[in-house]
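Me: I should like to learn how to read a pair of helices in a model. Please give the general idea before each case.

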Amino acid sequence: MNIDWAALGQVFGVTLAVTVGIVGLFTVGIVGTSRKPQTEGATTAGSAPGTGARAGAVTAFALCAAAVAYGIYLIVAA
């Protein structure tokens, strides 16, 4: 039995990078939607996210969903 260690290392590296990337995108989405609503007389710290933050969160979630859909496509197409 002969193991191609270079190929195994490449698979490990790509898997690690993609996993960290998807988790990072999901984290950006969670942070973009997790602000508390602003109450009267409160400062701007901790206020509700603006349009840009909400759009960024939706984009991050969409990219995560696209990556998952692509992974399912790769599995089913084989």
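This is a predicted model: local features need pLDDT of at least 70, side-chain atom pairs count only at pLDDT 80 or more; totals for chains, interfaces and linings use all residues.

Me: What span should helix α2 have, and what do its end C-alpha atoms show?

Reply: Helices are DSSP runs (H or I, at least four residues), numbered from the N terminus. The expected span is 1.5 Å times one less than the number of residues. Helix α2 covers residues 51-77, and its 27 residues should therefore span 39 Å; the end C-alpha atoms lie 38 Å apart, which agrees.

Me: Which residues of α2 are buried, and what covers them?

Reply: An α-helix has 3.6 residues a turn, so residues three or four places apart point the same way. Buried means under 20% relative accessible area, exposed over 50%, and partly exposed in between (1.4 Å probe, protein chains only). In α2 the buried residues are A57, A60 and C64. Their cover includes α1 (5-33).

Me: How do the axes of α1 and α2 cross?

Reply: Two packed helices are described by the angle between their axes and the distance between the axes. Axes are lines fitted to C-alpha atoms, for helices over the stretch in contact, with angles from 0 to 180 degrees between N-to-C directions. Those of α1 and α2 come within 8 Å and cross at roughly 150°. The two helices are therefore roughly antiparallel, a term for angles over 145 degrees.

Me: Which residues meet where α1 contacts α2?

Reply: Contact means heavy atoms within 4.5 Å. On the α1 side are I22, L25, F26, V28, G29, I30, G32 and T33; on the α2 side are A53, R54, A57, A60, F61, L63, C64 and A67. These divide into 12 nonpolar, 3 polar and 1 charged. Here Ala, Val, Leu, Ile, Met, Phe, Trp, Tyr, Cys and Pro count as nonpolar, Asp, Glu, Lys and Arg as charged, and the others, Gly among them, as polar.

Me: Is F26 buried or partly exposed, and what does F26 contact?

Reply: F26, in helix α1, is partly exposed, because its relative accessible area is 43%. Leaving aside neighbours within four places in sequence, F26 is in contact with F61 and C64.

Technical notes:
Residues are numbered from 1 along each chain as its sequence is written. Side-chain values use heavy atoms; hydrogens and water are left out. Angles under 35 degrees count as roughly parallel, over 145 as roughly antiparallel, 65 to 115 as roughly perpendicular and the rest as oblique.
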